[in-house]
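Reader: I would like a close look at one residue and the part of the chain that holds it. Please take it step by step.

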Amino acid sequence: MRAPALTLAAAFTKPRMAPGLTSVEVRRALDDPRALCHRLGLDRGARRQRSGLMILCPWHDEKTPSCSVRVAQDGTIAVHCHACGASGDALSLVAVAHRLDVRRDFRDVLSEAARIAGLDPAHLRFGAPTTIPFVGRRGPALAKVGARPATKPSASLSLAPPPEALDDPTFAAIASVLLHIGRIDEGPLSKDVALYLAQRKLLDLARAEGWAALPASGKAQAAWIEMLVSVFGRDVMERSGLLWKRGSALVFAHPEHRLIIPWRAADGAVQTLQRRRVDTITDKKYVFPAGRPARELYGLDKVRTDTTFAIVEGAADVLALRWLLSRDGIDATVVGLPGAQRWDTAWARHAGPRAILGLDADRAGHLAVGGIAHDLVLAGVAHLERWKPRIGKDWADTLRAERI
């Protein structure tokens, strides 16, 4: 029988408090590669391995996962990219996920790592940063992966307490403002986003779902941030995961990912905001806010247990298959995964007696079907079908070809 999925609560809330914590103890506390990568938002497109994950390397751009995150012989996490040669440990991953330098920002990195592990940063005992192994091969590849040589720690370096995760109601309030001011219309701020959706026959469906857009202009984005800070406060916005700090200024994280897709909890409240590129660049098309991945299926707020439960990949495919099923007179609830490899066993509880697996017609979708089907059957699904898009790789392709 398949082992139950390890939840973040189980992985990171163990009562392991102790005074005088060292970096060694923090590393030992972060002993689950899958949970750590999930918490840092680094498991998008990852492949599971026996002792960990193969993820998209966070130090260089790539389309196929080549960075191994596994449990080493000493019980701690070891990281190695087989493409660029970067290597490190759990602290290295925490640093790169938060855009920090593990040597220069050692105190902040260790404090954030302790917080993730469920340890109190106030109990940390800091040693010399030069004792921490960090990423990169010696030689030209060092610059490629963004590593910096060790520097003497500043005597004036002060430790700021790591930000607490933003509560869901506050994030939902921020999201409601963004979705309102960014509503997709024919105006200049969202014209290209509207065109992108129209070309895919999704514009009216996306508008009905409340999708939105960031403006392309950096000045317009800065004005939005100024307004959000004035309403919610700088501290709250820094903790939202939506922004990056650049010196004393705040900017939108991934400003080129301008299509905003709200992922809602069962009660309809926005749990997170997925963002997508609308240009021709295909690498890393989707992003979630730092520390706030999708915790549930897209479309969960519209689930009905008296209908067939259809699972697809992504929000766009949810809209597409909904329209196709409605056109054909088929009554079904359609929900979307945040990725073929991002299935959570607990999500099987939402299914009724009948289910459809409509994952993409590609290798990732094929590999994911078996595990999801296993969980659905154990959850009580009596009739399960595997559907593949009639045209193209996914249901959005089929919609674009068939919708007039």
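Author: In this predicted model, Ile225 is buried, because its relative accessible area is 6%, and buried means under 20%. Ile225 belongs to helix 10, which runs over residues 218-232.

The helix itself comes next. Helix 10 has 15 residues and spans 21 Å from its first C-alpha to its last, close to the 21 Å expected at 1.5 Å a residue. Its buried residues are Ala220, Gln221, Trp224, Ile225 and Leu228. These residues lie on the same side of helix 10, because they cover an arc of only 140 degrees around the axis. An α-helix has 3.6 residues a turn, so residues three or four places apart point the same way. On the other side of helix 10, Lys219, Glu226 and Ser230 are exposed.

The cover over the buried residues of helix 10 includes helix 7 (168-181), strand 6 (212-213), helix 11 (234-239), strand 7 (243-246) and strand 8 (249-252). For Ile225, the contacts beyond its neighbours within four places in sequence are Leu243, Leu250, Val251 and Phe252. Met237 is 12 residues from Ile225 in sequence, and the two C-alpha atoms are 8.6 Å apart in space.

The two ends of the helix remain. At the start of helix 10, Ser217 has a side-chain oxygen within 3.2 Å of the backbone nitrogen of Lys219. Just after helix 10 comes Gly233, with a positive phi of about 95 degrees.

Terms used
Residues numbered from 1 in each chain as written. Predicted model: local features only at pLDDT ≥ 70, side-chain atom pairs only at ≥ 80, totals over all residues. Heavy atoms only, no water. Helix = DSSP H or I, 4+ residues; strand = E, 2+ residues; numbered from the N terminus. Buried < 20%, exposed > 50% of the residue type's maximum accessible area, 1.4 Å probe, protein only. Contact = heavy atoms within 4.5 Å. Expected span 1.5 Å × (residues − 1). Arc of directions from axis to C-beta. Polar contact = N/O pair within 3.5 Å; in protein donor to acceptor, adjacent residues only side chain to side chain.
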